[in-house]
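Dear colleague,

Please find the structure handed over below, together with the sequence. My notes on it follow.

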Amino acid sequence: MLRADASASTGGGHVARVLAIGEALSVAGWRIVLAARPGTVETVARAAALPVVPIRCAAIAEEPAALMSALPGGCDLLLVDHYGWTTGEEEAVHSWAKRVAVVGDFARPHASDVVVDPTPGRAGTAYCGIVPRSCVVLAGAAWAPLERRFGAARAAALAARGQRRPEHLLVAMGMTDAANATLRTIEGIRASRFEGCVDVVLGGSAPNRASVTAALPPRARLHLDPPDMPALIARADLAIGAGGVSALERACLGLPSLLIEVANNQREAIAGLVAAGAARPLGALETISPHRIADALESCLRDAPSLTAMSHAATRVCDGLGALRVAIALAPERSRDGAPVTLRPAGREDCNRLLAWQRSPGIRTHARNPVVPTPEEHAAWLERSLADPKRILSILAVGSEAAGMLRLDRRSDEARSCHEVSILIAPEYQRQGIGAAALRLARRLVPQDDLVAEILPKNDASRALFSAAGYEQCSDTIWQRHGGIP
């Protein structure tokens with residue numbers, strides 16, 4: 001069960017996040033139900049695709065009892081994205097929900113089994129001492145739960161970027177924009193010398209769309225609930241936007257942003273994006289004038305190298321796979337003895353661990369390059385890998401212990417979207433079913449893409465492993481499994 005609300009005053013970001021995770025879980029076979037207050041479906045239209053349990057309690061403290069009454073048989077997972085819920089509500093549902101997970105933007109106390117905090121730059125250590133010791137903390141923008149369509153559009157969007165002249169501006173202040181930051185931004189654009197195209201995005205339930213429509217500058221178009229938001233982001237060269245969920249959607253597609261803080265809960269996310277080099281801050285809405293927006297816009301557009309650098313930095317912040325990673329953490333694969341097998345993004349802190357695995361006796365016997373890299377070569381390879389948007393480098397984990405590496409490399413010479421799979425299992429975890437679990441995780445991480453592997457003829461163990469996972473031999477060395485999960 002998902003628990004989140006949306007309205008004209010609070011926006012739709014909370015619901016958008018849990019829906020993205022719910023979508024990823026549904027692909028894995030889960031049945032998803034949304035519990036929400038009236039007005040949620042009217043604000044976030046795609047929520048209507050789910051069965052909805054209406055919440056009509058006068059007080060938040062009454063909600064656990066209402067949920068238990070609505071679904072007396074309990075649920076396998078309750079996923080909450082709601083600032084009103086506290087440790088009291090979380091504790092109250094533990095006897096009814098097998099697991100409780102929360103999504104949030106603040107490092108505050110929780111009594112849950114899992115915390116998902118996609119704030120850019122957030123570390124799991126922020127939750128030390130304020131969540132149970134057994135709580136799994138998934139912190140940072142790599143876990144940002146975005147709709148699947150943003151990840152699907154990433155490769156084409158990044159390929160289209162480059163040293164093009166800035167001609168398209170995107171204005172995106174959130175689904176409802178109750179504070180009417182969109183109007184302030186439009187006034188800033190009109191005060192600037194920008195003469196290109198402007199795409200302005202609002203939700204259909206936005207209360208101020210009439211004033212926005214009346215103020216649109218020449219060559220500007222208002223899009224209400226656009227059916228293809230990734231396409232609008234992909235064609236833009238710069239965005240002026242809020243620091244909510246949409247900021248991470250833009251980062252996923254490599255779009256640099258000028259960010260306006262329209263709510264206090266966006267402050268840390270904006271700081272994280274700025275620290276990563278993916279955006280520039282304009283400040284809180286109440287402190288900025290149209291002329292300040294105009295000056296910042298003109299300064300940014302004059303500095304093409306800076307725009308390019310911001311775009312590259314944005315691609316490293318968020319890759320659009322966060323919802324799938326969260327779904328894997330909530331519903332892991334299993335080793336041969338039933339231990340949970342999950343994955344997390346690799347980082348610089350894994351450099352020595354990865355090198356030690358590469359140096360293990362026999363580990364590179366069947367590699368394309370059997371020579372063990374030097375520490376300097378390995379460190380350079382890892383830096384390139386972490387910066388490469390075509391490579392998904394993950395650490396496999398059995399429980400909380402690192403057990404291997406899963407690498408997916410997008411192949412650009414294929415008509416269909418395709419990734420090459422490489423796996424490395426730590427010596428102490430071999431022959432435990434971790435390799436088979438890794439291949440299932442690869443399928444879940446890129447469910448629609450074809451997967452291929454190059455396996456040398458004498459590598460009988462890998463051939464048996466990939467064959468058992470549904471891969472078919474296409475040549476002496478190439479094995480393939482088709483994607484296409486809807």
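Is tyrosine 83 buried, partly exposed or exposed? With a relative accessible area of 33%, tyrosine 83 is partly exposed. Please bear in mind throughout that this is a predicted model.

Aromatic pairs

The whole structure contains 2 aromatic pairs. One of them joins tyrosine 83 to phenylalanine 106 in a tilted arrangement, with 5.6 Å from centre to centre and 50 degrees between the planes. Tyrosine 83 belongs to the loop between strand E4 (75-80) and helix H4 (87-92), and phenylalanine 106 to the loop between strand E5 (97-103) and strand E6 (114-117), so the pair ties together parts that are 23 residues apart in sequence. Phenylalanine 106 is also partly exposed, its relative accessible area being 29%.

Phenylalanine 466 and tyrosine 471 form a pair as well: the ring centres are 4.9 Å apart and the planes stand at 80 degrees, so this pair is edge-to-face. Both phenylalanine 466 and tyrosine 471 are buried.

Strand E4 and its neighbours

Strand E4 is largely enclosed by the rest of the structure, because 5 of its 6 residues are buried. Strand E1 (residues 2-3) runs parallel to E4 and is joined to it by 2 bridges; arginine 3 has valine 80 of E4 as its bridge partner. E4 also pairs with E5 in the parallel sense, over 5 bridges, and here cysteine 75 stands opposite alanine 97 of E5. Between E4 and E5 the chain passes through H4, and this β-α-β crossover is right-handed.

Histidine 419 has leucine 451 in E19 as its bridge partner.

Isoleucine 240

Which residues does isoleucine 240 touch, leaving aside those up to four places away in sequence? Its contacts are Leu169, Leu170, Val171, Ala172, Met173, Thr185, Ile189, Leu258, Ile260, Leu282 and Ile293. Isoleucine 240 is placed in strand E11 (residues 238-242). Its relative accessibility is 0%, so isoleucine 240 counts as buried. From alanine 59, isoleucine 240 is 181 residues away in sequence and 37 Å away in space, C-alpha to C-alpha.

Two aspartates with positive phi

Aspartate 177 has a positive phi of about 45 degrees, although it is not a glycine. This residue lies in the loop between strand E8 (168-172) and helix H6 (181-191). Aspartate 177 has a relative accessible area of 6% and is therefore buried.

Aspartate 225 likewise has a positive phi, near 45 degrees, in a residue other than glycine. The loop that holds aspartate 225 runs between strand E10 (220-224) and helix H8 (229-235). Aspartate 225 has a relative accessible area of 43% and is partly exposed.

The protein as a whole

The protein has 17 helices and 21 strands. Its radius of gyration is 23 Å, close to the 23 Å that the globule rule gives for 486 residues, so the protein is as compact as a globular protein of that length. The C-alpha trace spans about 70 × 60 × 40 Å along its principal axes. Of the 486 residues, 52% are buried. Among contacts with a separation of 6 or more, 59% are between residues 24 or more positions apart.

With kind regards

Note on methods: Residues numbered from 1 in each chain as written. Predicted model: local features only at pLDDT ≥ 70, side-chain atom pairs only at ≥ 80, totals over all residues. Heavy atoms only, no water. Pairing = 2+ DSSP bridges. Helix = DSSP H or I, 4+ residues; strand = E, 2+ residues; numbered from the N terminus. Buried < 20%, exposed > 50% of the residue type's maximum accessible area, 1.4 Å probe, protein only. Contact = heavy atoms within 4.5 Å. Phe/Tyr/Trp six-rings, centres within 6.5 Å; stacked < 30°, edge-to-face > 60°. Right-handed = clockwise from strand over helix to strand, strands pointing away. Rg over C-alpha atoms; globule rule 2.2 N^0.38 Å.
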